[in-house]
Amino acid sequence: MNAPIPAPDAAEPLRRARGRPRKTADERDDGNRRQELLRAAARLFRQQGFAATSTRDIATAAGMRSGSPFYHFENKEALLAAVMLEGMQRATGRQAGAMQAAASHGQPLSARDCLRVLVRNHLEVLLGAESDFIPVMLYEWRSLSEVQRQAVNELRREYEAVWVPVLQALHERGELSGDPSLARLMLFGALNWAVQWFEPGRRKSLDDLTEAALQLFLKETT
C-alpha cells in the first residue's frame, strides 16, 4: 500500500507547475480584439482624420470600453502606426499571393502580364474590401514619428521592390519609356490618387482601371 502524500507545509510556498500557464478566455481573444481595434481605427482615421478621432471613438466602434485600446497600444499615435504597419503587411501578403496565383497557371508570365497583376492587386488593396489601411497611410503620414516612419518605410520598400525588375524588363524591351525608377513613382502616384475619386458601382471596374493604367504607361507592342 502506498504511503499517504503529506500535506504541504504552510510555511513553504507551493511550487508553480512547469510550463506556461493556461491563457484565460480573455487572453486567448486578445488577438481578435486587437484586430477589431485596428479595423475600427483604420475606418475612423480614414473617414474622420487622425486628429478628429479619439480613442473613445475607436473603442466604441470596436464594441469595447473606452480604456480598452490602451491595453493593446500605448497611445493613439502607436495605434496609428500599427494601422499603417498592418496595412503594409496585408498589402505585401496579398501581392505575393496574387503573383503566385498568376504564375500557377503553367505559362510563364511576360513583364506586361506581371505589371497587370501588380497594378490590379494594388487597386484591390486601395479600393477593395477592408481597404481603409493604406489610404490612412497616404493621408496621415505626417502624424507619425520619425522612428515610426522608418518602420513603415521598410515594409513599403519591400512591397515596391517586386515592381522594380518588372519595370526594368519592360524598359529593356522598349515597352516603357523613360527611367523605370521615375516611372514607378509616377505609377504609384497615379494609382494611389484613385482613393480620392473612385466610387464603386458608379465608375469603371478595377479591371477597367488596370487596363487604363497599362495603356497610359506602356507602349503598344507590335
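Author: Happy to! A salt bridge here means a side-chain nitrogen of Lys or Arg within 4 Å of a carboxyl oxygen of Asp or Glu. Please keep in mind that this is a predicted model. In general, side chains of opposite charge can pair when their charged atoms come close.

The side chains of Arg120 and Glu124 form a salt bridge, with 3.0 Å from N to O. Both residues belong to helix α6 and stand 4 residues apart, about one turn of the helix. Arg120 counts as partly exposed because its relative accessible area is 26%, and buried would mean under 20%.

Arg120 also has a salt bridge with Asp207, where the closest N and O atoms are 2.7 Å apart. That pair links distant parts of the chain: Arg120 sits in helix α6 and Asp207 in helix α12 (residues 206-217), 87 residues apart. Asp207 has 47% relative accessibility, so it counts as partly exposed. Through shared partners, salt bridges join Arg94, Arg120, Glu124 and Asp207 into one network.

For context, the structure holds 12 salt bridges. Another of them pairs the side chains of Arg46 and Asp132, at 3.1 Å from N to O. This pair, too, links distant parts of the chain, with Arg46 in helix α2 (residues 30-48) and Asp132 in the loop between α6 (111-127) and α7 (133-140), 86 residues apart. Arg46 is partly exposed, with a relative accessible area of 24%, whereas Asp132 counts as buried at 19%.

Conventions
Residues numbered from 1 in each chain as written. Predicted model: local features only at pLDDT ≥ 70, side-chain atom pairs only at ≥ 80, totals over all residues. Heavy atoms only, no water. Helix = DSSP H or I, 4+ residues; strand = E, 2+ residues; numbered from the N terminus. Buried < 20%, exposed > 50% of the residue type's maximum accessible area, 1.4 Å probe, protein only.
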